[in-house]
Amino acid sequence: MSSNVSERQAREVAEAARESGWKLPSFGRELFLGNFRLDLIHPQPRLDPEAIERGERFLARLREFLESDVDPLEIEREAKIPETVIDGLKRLGALGMKVPEQYGGLGLSQVYYNRALALAGVWHASLSTLLSAHQSIGVAEPLRLFGTEEQKRKWLPLVARDHISAFLLTEPDVGSDPARLATTATPVEGGYELTGQKLWATNGAIADIVVVMAQVPKGDGHRGGISAFVLPCDSERVTVEHRNAFMGLRGIENSVTRLDRVFVPDENRIGREGEGLKVALSTLNTGRLALPAICVGMAKWATKIAREWSNERVQWGRPIGKHDAVAQKLAFIAASAFGLEAMLDVASRLADNKSGDIRIEAAIAKLYGSEMGWKVLDELIQVRGGRGYETAASLKARGEKPVPAEQALRDMRINRIFEGSTEIMHLLIAREAVDQHLKVAGDLLEPGGELKDRIAAAGKAGVFYSKWLPQLAVGRGQVPTSFDEFDELAPYMRFVERSSRKLARSTFYGMTRWQAKLEHRQAFLGRLVDIGAELFAMAAAAYADTLERERPERRAEAQELAELFCAHAKRRVETLFGALWDNDDDANRAAAARLLDGRYRWLEEGIADPSGEGPMIPAEVKQPASAPAA
Ligand SMILES: Cc1cc2nc3c(=O)[nH]c(=O)nc-3n(C[C@H](O)[C@H](O)[C@H](O)COP(=O)(O)OP(=O)(O)OC[C@H]3O[C@@H](n4cnc5c(N)ncnc54)[C@H](O)[C@@H]3O)c2cc1C
């Protein structure tokens with residue numbers, strides 16, 4: 001299947017893996033439909049006192065361990081997390097933070113799991129990456145969601161205690177497009193034989209147990225398809241061929257792992273055959289909150305460093321924070337840290353409360369957290385000037401505080417790529433955003449088809465749109481006193497309500513204008529999603545109320561930050577709305593096509609390419625000598 005997958009097949013595979021129903025209400029889904037259901041996220045659920053107690057106790061122990069036993073400079077210098085640190089994390093129970101107590105874990109809530117990741121991630125991002133790859137996508141989460149009771153009892157206590165896990169989906173020719181998956185799981189007596197090569201598995205180089213995605217061929221008694229397996233790494237013929245090194249996250253143990261007819265018994269399959277991608281995607285629905293948690297931690301840290309440094313550093317007769325250009329950046333950093341934390345807290349409490357479907361909110365948190373987190377750290381580097389570009393080790397050697405700003409930026413960069421790149425998150429969220437339209441008008445959007453079917457489809461669509469479209473004309477956001485309970489934030493909540501309807505109308509215009517071709521208008525869809533993300537972030541800023549309820553002494557400060565964040569977000573939304581219809585998309589697409597055709601090759605003259613020789617992607621992933629011919 002691997003090399004000749006068409007765009008249509010790729011889409012069908014992704015579609016089949018998608019959770020098609022909506023069993024619980026979704027704030028995000030409603031928002032994109034023009035229905036601002038603030039009540040679905042506000043007031044936020046209260047945290048369970050017992051969960052707070054347990055969470056705070058763990059955070060205190062983790063903080064003490066980091067400060068006394070973990071040297072972040074050593075991790076950076078050696079490009080390795082020392083074994084003593086990994087052992088210490090195991091002793092703390094950090095490998096089982098999210099595993100329920102009945103299976104030997106700490107049973108932390110999502111809110112506290114996130115806080116722990118943020119704490120560890122700011123100390124060194126390789127630590128949070130180890131922990132989150134281990135339990136947000138590694139063995140624990142897929143088993144928690146799809147495992148049988150027997151599987152949970154067998155594996156969860158191990159991964160909660162001391163067995164490091166990893167998630168093996170990516171291959172040299174399989175990144176954003178899992179339909180190309182080439183690793184096979186061939187049915188044999190009592191189980192399957194796995195053969196293939198897996199790339200970039202975080203923790204893969206030191207893992208004890210991994211989740212592997214592999215294709216089961218269709219056959220007698222086998223429905224086939226991509227399936228998920230739990231694989232102990234001490235199984236015969238599992239080889240770690242290479243430990244990959246990256247721009248950042250220097251301490252992670254990321255592998256190229258070769259599987260050469262590796263036997264896994266039937267009982268190690270998670271879910272049914274063909275359900276592998278569903279397992280992966282559902283795992284990520286909440287698992288995706290780990291990554292924005294790390295981004296929140298970094299944004300909070302950036303706020304601290306920016307404040308300390310901008311007060312202390314004096315240039316041109318003033319602390320630099322008092323120069324307007326720097327002050328603007330400080331405000332952006334602090335407001336964004338607040339906005340990111342608000343969004344994460346809202347999504348995480350929903351995850352704990354289980355009262356809503358948070359697939360859109362978690363996906364937005366990942367997209368928005370990684371994009372904004374990157375901008376925040378980039379601004380921090382600028383504020384730090386030359387020191388922003390200098391390594392912590394070099395600063396230390398010169399006798400200065402070893403602030404790892406450049407490392408933070410390097411470590412942050414990957415968040416826009418893994419667990420769904422920004423481009424893929426745009427498509428994934430856009431797919432959810434237009435779900436209702438596809439349900440009522442999908443048959444109309446596709447060209448062709450029988451006339452009678454199209455007439456029936458038009459009737460179905462007509463019923464929906466004759467009710468839905470008029471609703472988009474008016475709403476609470478037009479009433480000057482609405483949302484007054486939000487005090488200073490009220491105008492912003494009204495703006496979100498109005499913009500949500502405008503967003504829905506814009507989506508509809510886009511659909512009528514481009515019909516089935518809308519899916520190729522990725523820049524347009526990306527902007528729709530970005531508007532939705534900003535609106536969700538603004539609505540989440542009502543978290544200032546939660547802060548006030550839980551920490552009344554912080555009321556004024558929280559309101560100030562929420563207001564500032566909303567002001568920034570509102571401007572971004574206005575720009576995005578403008579760019580929906582006034583842009584260079586067509587010119588860019590045409591230019592890209594010419595570029596790809598080589599028309600501008602002369603532009604590349606006068607440079608020497610240091611990349612060296614070798615294929616960008618190996619033409620054929622070498623099969624192990626003993627693998628049967630395909
Ligand atoms: C440090 C690190 C850790 C990782 N950890 C893991 C792990 O633990 N387990 C695992 O399985 N994988 C892991 N990965 C893999 C990671 O998830 C992939 O890199 C990611 O999915 C993107 O795939 P790719 O790199 O092949 O990019 P490609 O899919 O080749 O994409 C290249 C570019 O094209 C864009 N693009 C692709 N398709 C489309 C489309 N249809 N429309 C628009 N744009 C598109 C992408 O957004 C990207 O900008 C890791 C990678 C790294 C670097």
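The model is predicted: local features need pLDDT of at least 70, side-chain atom pairs count only at pLDDT 80 or more, and totals for chains, interfaces and linings use all residues. Residues are numbered from 1 along each chain as its sequence is written, and side-chain values use heavy atoms, with hydrogens and water left out.

**Aromatic pairs**

- Rings of Phe, Tyr and Trp (its six-membered ring) pair if their centres lie within 6.5 Å; planes under 30 degrees apart are stacked, over 60 edge-to-face, and the rest tilted. By this rule there are 13 aromatic pairs.
- One of them joins phenylalanine 464 and tryptophan 468, and the pair is stacked. Their centres are 5.7 Å apart, with 20 degrees between the planes.
- Why are phenylalanine 464 and tryptophan 468 separated by about one helical turn? Because they are four residues apart in helix H19 (residues 451–471). Helices (H or I, at least four residues) and strands (E, at least two) are DSSP runs, numbered from the N terminus.
- Phenylalanine 464 and tryptophan 468 are both buried. Buried means under 20% relative accessible area, exposed over 50%, and partly exposed in between (1.4 Å probe, protein chains only).
- Phenylalanine 524 and tryptophan 581 form a tilted pair, 5.1 Å centre to centre, with 55 degrees between the planes.
- Phenylalanine 524 lies in helix H21 (residues 522–540) and tryptophan 581 in helix H23 (residues 555–581), so this pair ties together parts that are 57 residues apart in sequence.
- Phenylalanine 524 is buried, at 2% relative accessible area. Tryptophan 581 is partly exposed, at 39%.

- One aromatic cluster is made up of Phe27, Phe36, Phe483 and Phe536.
- Phenylalanine 483 sits in the loop between H19 and helix H20 (490–514). Its relative accessible area is 3%, so phenylalanine 483 is buried.
- Phenylalanine 483 has a positive phi of about 60 degrees, although it is not a glycine.
- The charged end of arginine 476 sits over the ring of phenylalanine 483, 4.0 Å from the ring centre. A charge sits over a ring if NZ of Lys or CZ of Arg is within 6 Å of the ring centre and within 35 degrees of the ring normal.
- Arginine 413 lies over the face of tryptophan 374, 5.3 Å from the ring centre.

**Ligand site**

- How many residues surround the ligand? The shell holds 18 residues, and the closest are Thr170, Ser176, Trp200, Ser421 and Glu423. A residue counts as near if one of its heavy atoms lies within 4 Å of the molecule.
- The shell divides into ten nonpolar, seven polar and one charged residue. Ala, Val, Leu, Ile, Met, Phe, Trp, Tyr, Cys and Pro count as nonpolar, Asp, Glu, Lys and Arg as charged, and the others, Gly among them, as polar.
- A backbone N or O atom of leucine 169 lies 3.0 Å from a ligand oxygen atom. A polar side-chain atom of serine 176 is 2.6 Å from an oxygen atom of the ligand.
- A side-chain N or O atom of glutamine 522 lies 3.0 Å from a nitrogen atom of the ligand.
- The protein covers 68% of the 970 Å² of accessible area that the ligand has on its own (Shrake-Rupley method, 1.4 Å probe; for residues, only the protein chains shown count as cover).
- Strand E3 (191–202) and helix H17 (422–433) are the elements that give two or more residues to the shell.

**Lysine 198**

- Lysine 198 is in strand E3. Is lysine 198 buried or exposed? Lysine 198 is buried, with a relative accessible area of 1%.
- The side chains of lysine 198 and glutamate 171 make a polar contact at 2.9 Å. A polar contact is a pair of N or O atoms within 3.5 Å; within protein, one must be able to donate a hydrogen and the other to accept it, and residues adjacent in sequence count only if both atoms are side-chain atoms.
- A polar side-chain atom of lysine 198 also lies 2.8 Å from the backbone oxygen of methionine 213.

**Backbone features**

- The peptide bond from histidine 42 to proline 43 is cis, with omega near -5 degrees. Proline 43 lies in the loop between helix H2 (27–32) and H3.
- Tryptophan 316 has a positive phi of about 50 degrees, although it is not a glycine. Tryptophan 316 lies in the loop between strand E9 (314–315) and strand E10 (318–319), and counts as exposed at 81% relative accessibility.
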